[in-house]
Amino acid sequence: SGGALYIRPILFGSGARIGLSPADEYTLLIMVIPVGNYYKDGMSPVPAIVVEGFDRAAPQGVGDVKCAGNYAADLYPNQKMKSEGFPISLYLDARTHTKVEEFSTSNFFGITKDGTYVTPKSPAVLPSITNKSLMQLAESKGRKVERREVPITEVFDGAFTEVAACGTAVVLTPIASITKNGEEQLINKEVGPVCQELYDSLRAIQVGDEPDPFGGTWTVEV
């Protein structure tokens with residue numbers, strides 16, 4: 001079917017405490033949710049927009065931790081951008097607003113003209129296991145991988161022939177264009193060959209059609 005079983009752990013403080021201090025009791029929940037194939041009709045690039053006037057995570061904050069506060073900051077901007085025709089939003093660093101950090105719920109990566117896989121290095125970015133997996137795959141296929149600061153000017157100078165948002169549920173979403181302050185930078189109206197290759201390879205490993213050379217999958221008897 002192309003679907004998957006999505007497993008999400010949730011940990012929250014549940015102790016009898018109202019003051020602002022760490023909880024003395026915690027509850028761990030495991031959500032197990034069947035999800036369908038996001039791309040049963042094939043991947044299709046989407047337009048993205050740089051969020052102006054809002055920040056996702058503060059410098060030296062908890063942007064690199066998967067906590068509820070990181071998503072709360074994006075709820076209003078995300079809905080606002082969607083109402084303007086942009087299904088995905090891109091955040092810059094909160095200190096200077098000059099460097100790419102990540103999309104609303106996904107990491108950013110770009111493919112340069114020479115085929116290098118580039119993803120932002122920032123203490124405020126969530127360390128996505130999907131991004132890590134794609135980096136491993138890119139390296140295994142002989143591609144150079146760079147995790148470094150990515151100035152937004154680099155995007156608008158046309159440095160990337162492909163850009164994508166990557167995360168657990170969708171693996172990756174190709175980006176057709178990125179708009180900032182009314183200026184649109186076209187990336188790729190079609191699914192780029194590198195994005196397609198990485199997506200196909202990771203999905204094949206996930207469903208067991210190809211061997212996992214990285215030791216990140218387990219067979220579960222049901």
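This is a predicted model: local features need pLDDT of at least 70, side-chain atom pairs count only at pLDDT 80 or more; totals for chains, interfaces and linings use all residues.

Which strand gives the most to the nonpolar patch? The strand in question is β2, which contributes four residues. Residues are numbered from 1 along each chain as its sequence is written, and side-chain values use heavy atoms, with hydrogens and water left out.

**The nonpolar patch**

Leu5, Ile7, Leu11, Tyr26, Leu28, Ile30 and Val32 make a nonpolar surface patch of about 750 Å². A patch of this kind joins nonpolar side chains (Val, Leu, Ile, Met, Phe, Trp, Tyr) within 5 Å, taken from residues with over 30% relative accessible area and no salt bridge, and the areas come from the Shrake-Rupley method with a 1.4 Å probe. At least two residues of the patch are supplied by each of β1 (4-13) and β2 (26-35), where strands are DSSP runs (E, at least two residues) and helices are runs of H or I with at least four, numbered from the N terminus. Leu28 is found in strand β2, and it counts as exposed because its relative accessibility is 56% (exposed means over 50%, buried under 20%, and partly exposed in between).

**Cavity and pocket**

Rolling a probe the size of a water molecule over the atoms shows where empty space is left. The structure holds one cavity of 30 Å³ or more, a cavity being a set of points on a 1 Å grid where a 1.4 Å probe fits but cannot get out, whereas a pocket is an open set with protein on both sides within 12 Å along at least five of seven lines; lining residues have an atom within 4 Å of a point. The volume of the largest cavity is about 30 Å³, and its lining is formed by Glu162, Val163, Pro174, Ile175, Ile187, Asn188, Glu190, Gly192 and Cys195. Two or more of the lining residues come from each of β9 (160-167) and β10 (171-180).

The second largest pocket holds about 260 Å³ of space. It is lined by 16 residues, of which Asp93, Lys99, Glu101, Ser122 and Pro123 are the closest to its centre.

**Salt bridges**

Side chains of opposite charge can pair when their charged atoms come close. The structure holds nine salt bridges, each a side-chain nitrogen of Lys or Arg within 4 Å of a carboxyl oxygen of Asp or Glu, and the table gives some of them.

| Pair | N to O distance |
|---|---|
| Arg17 and Asp24 | 3.3 Å |
| Lys180 and Glu52 | 3.6 Å |
| Glu154 and Arg148 | 2.8 Å |

Lys180 lies in strand β10 and Glu52 in the loop between β3 (46-50) and α1 (68-83), so this pair ties together parts that are 128 residues apart in sequence. Glu52 counts as partly exposed, at 37% relative accessibility. In the pair of Arg17 and Asp24, Arg17 is partly exposed with a relative accessible area of 42%, and Asp24 is exposed with 55%.

Is Glu154 buried or exposed? At 17% relative accessibility Glu154 counts as buried, while its partner Arg148 is partly exposed at 24%. A network of salt bridges links Lys144, Glu146, Arg148 and Glu154.

Terms used:
Grid points are joined across faces, edges and corners, and a volume is the space filled by probe spheres set on the points. Patches are made of residues with over 30% relative accessible area and no salt bridge: like charges are joined within 9 Å, nonpolar side chains (Val, Leu, Ile, Met, Phe, Trp, Tyr) within 5 Å. Buried means under 20% relative accessible area, exposed over 50%, partly exposed in between (1.4 Å probe, protein chains only).
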